[in-house]
Amino acid sequence: MTTVGVVGAGAMGAGIAQVALEAGWEVVLHDVDEDAIERARTRIRDGLGRRAARLELDADSIDDWVEGRLAALREAHVLDTLATEATLVVEAVLEDVELKRTVFRALDAEAPPDVILATNTSALPIGAIAEATTHGERVIGLHFFNPVPVMALVEVVPGSLTSPAVVKRATAVMLEWGKTPIRCADSPGFIVNRVHRPYTIEALRLLESGVAGVDAIDSAMRESGFPMGPFELMDLAGIDVNLAAARGVWSGLGHPAHLQPSPIQERLVADGRLGTKSGRGFYAYADGRRSAVEPEFASEPPAPLAPTDIRDRILATVAAEARRAADDGVASLDDIVTALRLGAAYPDDALARVRRA
């Protein structure tokens with residue numbers, strides 16, 4: 001049985017562990033917080049139960065299937081143990097480059113040279129993390145999407161030192177785990193976090209300019225086939241999280257005007273209005289459910305844009321960013337389209353517009 005080490009037992013780490021277990025791998029899970037490991041074990045058990053139920057097994061077989069995979073889940077209380085047992089280690093700790101560098105420095109000191117060291121970062125430079133090691137050729141980015149057991153996309157991101165053999169091996173593992181690996185360059189935001197960024201930024205521009213309101217913009221994008229409008233999405237993910245990602249991409253690309261973060265987000269974050277987790281964002285929430293548009297965003301402009309014009313404005317900016325990313329060598333346009341479909345649930349019409357960019 002092949003072993004993967006997972007560092008970090010939060011939602012992402014637990015999800016990565018689950019898909020590895022489903023694929024028949026042994027998982028060694030590490031976290032500095034023992035309570036987090038217990039929570040992860042419960043989350044993994046529940047996730048395996050849901051997956052087993054979809055396999056149309058009888059009740060006894062479901063229990064056997066779940067328990068059989070859980071039996072391959074072990075804990076490592078120190079990084080040294082994990083690094084020496086695994087053939088692949090996936091780090092899924094907080095998005096802090098110095099923390100990740102510390103983890104990779106420790107893993108690199110103990111792991112045999114043929115062990116792949118992967119980071120699940122969503123935006124931090126792979127090269128900056130690899131610099132903390134003496135074997136940068138075995139460091140790679142494997143950016144999973146949340147929830148990991150459901151989302152098929154994995155962005156495979158080699159750093160400047162990553163060997164072709166490691167890229168090939170990591171890609172093969174992702175296929176074995178049932179994922180769709182898309183290779184992209186070590187560039188700010190990778191594919192989805194860069195190309196999808198205008199979906200929220202252009203919506204904020206429309207709001208700032210007074211040509212459309214929050215509810216109208218969200219409704220227009222839902223009617224276009226998106227599962228959520230941009231303001232609903234920001235509230236759910238956390239306006240602070242979205243703003244941090246926007247700042248990272250904007251800064252990393254040299255502060256282009258078209259990707260500059262919105263002052264509306266800056267103000268909401270400063271006020272502690274972070275979306276669903278704080279009870280207020282672009283919408284107000286009661287008992288965890290959305291109740292109404294926040295008063296300052298509730299009034300519609302006297303001559304609002306039509307829903308088709310809202311859709312066209314937002315999709316045009318996404319398509320333009322897709323073309324820029326392709327021209328920058330981040331990934332091919334075909335791979336960008338696939339990444340948006342799998343990683344951000346873009347409907348077919350929107351993908352066709354991106355393809356024509």
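Arginine 50 is exposed, with a relative accessible area of 51%; exposed means over 50%, buried under 20% and partly exposed in between, with a 1.4 Å probe and protein chains only. This arginine is found in helix α2, residues 34–54. Its C-alpha atom is separated by 37 Å from that of glutamate 321, which is 271 residues away along the chain.

The structure is a predicted model, in which local features need pLDDT of at least 70, side-chain atom pairs count only at pLDDT 80 or more, and totals for chains, interfaces and linings use all residues. Residues are numbered from 1 along each chain as its sequence is written, and side-chain values use heavy atoms, with hydrogens and water left out.

The chain has 16 helices and ten strands; helices (H or I, at least four residues) and strands (E, at least two) are DSSP runs, numbered from the N terminus. The radius of gyration of the chain is 21 Å, close to the 21 Å given by the globule rule for 357 residues, so the chain is as compact as a globular protein of that length. This radius is taken over C-alpha atoms, and the rule is 2.2 Å times the number of residues to the power 0.38. Along its principal axes the C-alpha trace spans about 65 × 50 × 40 Å. Of the 357 residues, 53% count as buried.

Helix α9 comprises residues 197–209, and its 13 residues reach 19 Å from first C-alpha to last, close to the expected 18 Å at 1.5 Å a residue. The expected span is 1.5 Å times one less than the number of residues. Ten of the 13 residues of α9 are buried, so this helix is largely enclosed by the rest of the structure. Among the buried residues are Arg197, Tyr199, Glu202 and Leu207. The buried residues of α9 pack against several helices, including α10 (214–223), α12 (239–252) and α14 (307–327); contact means heavy atoms within 4.5 Å. Just after α9, glycine 210 takes a positive phi of about 80°.

Most residues other than glycine have a negative phi, and most peptide bonds are trans. Phenylalanine 190, in the loop between β8 (180–183) and α8, has a positive phi near 55° and counts as buried at 1% relative accessibility. Histidine 255, in the loop between α12 and α13, has a positive phi near 60° and counts as partly exposed at 44% relative accessibility. A cis peptide bond, with omega about 0°, joins asparagine 146 and proline 147. Proline 147 lies in the loop between β6 (139–144) and β7 (153–158).
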